[in-house]
Amino acid sequence: MGKKKKGLAFHWQILLGMVLGVIWGFMAIHWQWLRFTDFYIKPWGTIFINLLKLIAVPLIIVSLISGVSNLTDISKLSRIGLKTLGFYILTTVIAITVGLIIVNITNPGKVFPPDKAAEFKQKFSENIASKKTQAADLKNVSPLQPIVDIIPSNIFRSLSDNTKMLQVIFFSILFGVAMIFVPEEKVRPVKELINGLNDVVLKMIDIIMKAAPYGVFALIAALMVDVAGTHPEDTLSLFAALGLYAVTVVIGLLLMIFVIYPIFIGVFTKVKYRKFLKAIAPVQLLAFSTSSSAATLPFTMETAEEKLGISNETASFVLPLGATINMDGTSLYQAVAAIFLAQVYGMHLGLGAQLTIIVTATLASIGSAAVPGAGIVMLVIVLTAVGIPTEGIALIFAVDRPLDMLRTAVNVTGDTTIASIIASGENEIDLSVANGN
């Protein structure tokens, strides 16, 4: 009698924020509230993203150091690391292959109107120029540069840049490993400090996430206005012209979530996939809203531990690594986009060229930053590898942001899938939590 009623579930709160954001977006477009939305609504979404980025680096440091330093067996750490990398690369290759199969069936580029292609190139010419410059910088480096980039020359500089996540991860793992070799009595105060900091950071995440529904509302409302601009009718016609391409990407992403990942969960774990999806639904919605695996990482880790029963030791190692190198959704999109643009230009890509796409997109996903829009930069590299004109990226800019939101949701689903697999293999998962109500 005296118990309070439970409020609206968190994932429903986020979903409500998204719906209200869409409604506001349509109202702002119809009544020309564009300036008000840009000046007084959008900043709250930016603030929310900044809060998530603010906590990401501290979370990685304290959780990784805590998890690694509690391992007394170094061989276990190397075993978990190899298994994690192996599964991440495997799912990435599968995602790219799925994308290539679907796009070769739907052939969206063959129905793209030539006049629309010219219109898109003109409309987004400035955007593509900056992306090509970024990609050129990445292309003219040694194949071993990604390994070089993992090792920071100045950890404080790395800590101030969210795109240097791998460097922070490397430092944290090295710090944790070093603690294992220091006598217990000397390292005990450091462990207590790290564990205390870990608790504080997790509480900060709880506080920040209370603002998630409002942040999501602001992000979606601003996105609607940014995409539509002052000519919403033009946006609708552009979306219609790219409909088949977008549908092709979405089909591939849905296959990953409802076919590929369930197979992996069913084969390698005893987790019920329906329960798994229910547990990570809020994470998927947040990833969809922010378009950033890195920004979503704190909530992903919290959900993995509290809703899926994955140990802190496993979650703190596998998930930060996944947020930086595992981009299943992004890799699938790159494969579809490459074939789509080849078809628009009337180019035929044989088996050899498509195998090149698989290899290049896999390597590109490892080097891709976990931030909005990074997939476009990596797509330039993929297109260059198979000789497709990079100017064609202008054709897909209009629908890139919505697809970026969807593929980020797939990225975090892949991360939690692999985390569940690794935890199950190491007996580091509580199935009563994962399969509970």
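Reader: What makes helix 12 count as bent, and at which residue?

Author: Helix 12 bends by about 40 degrees at methionine 256. The bend at a residue is the angle between two fitted axes, one for the seven residues ending there and one for the seven starting there. This is a predicted model, in which local features need pLDDT of at least 70 and side-chain atom pairs count only at pLDDT 80 or more, while totals for chains, interfaces and linings use all residues. Residues are numbered from 1 along each chain as its sequence is written, and side-chain values use heavy atoms, with hydrogens and water left out.

Reader: How many helices and strands are there in the protein?

Author: The protein has 20 helices and zero strands. Both are DSSP runs numbered from the N terminus: helices are H or I with at least four residues, strands E with at least two.

Reader: Why is lysine 191 called buried?

Author: Buried means under 20% relative accessible area, exposed means over 50%, and partly exposed lies in between (1.4 Å probe, protein chains only). Lysine 191 has 17% relative accessibility, so it counts as buried. Its place is in helix 9 (residues 184-209). Leaving aside residues up to four places away in sequence, lysine 191 touches Ser69, Asn70, Met179 and Glu184; contact means heavy atoms within 4.5 Å.

Reader: Why is helix 14 described as largely enclosed by the rest of the structure?

Author: Because 12 of its 14 residues are buried. Among them are Ser293, Pro298, Phe299 and Glu302.

Reader: What makes a set of residues a nonpolar core?

Author: The members are buried Ala, Val, Leu, Ile, Met, Phe, Trp, Tyr and Cys residues, joined through side-chain atoms within 4.5 Å. The largest such core has 109 residues, and Tyr245 and Met256 are among those touching the most other members. Helix 2 (residues 34-69) gives the most to this core, with 12 residues. A second, separate core of eight residues includes Trp24, Ile41, Ala218 and Val225.

Reader: Which residues of helix 12 are buried?

Author: They include Tyr245, Met256 and Phe264. In the protein, buried residues make up 52% of the 437 residues.
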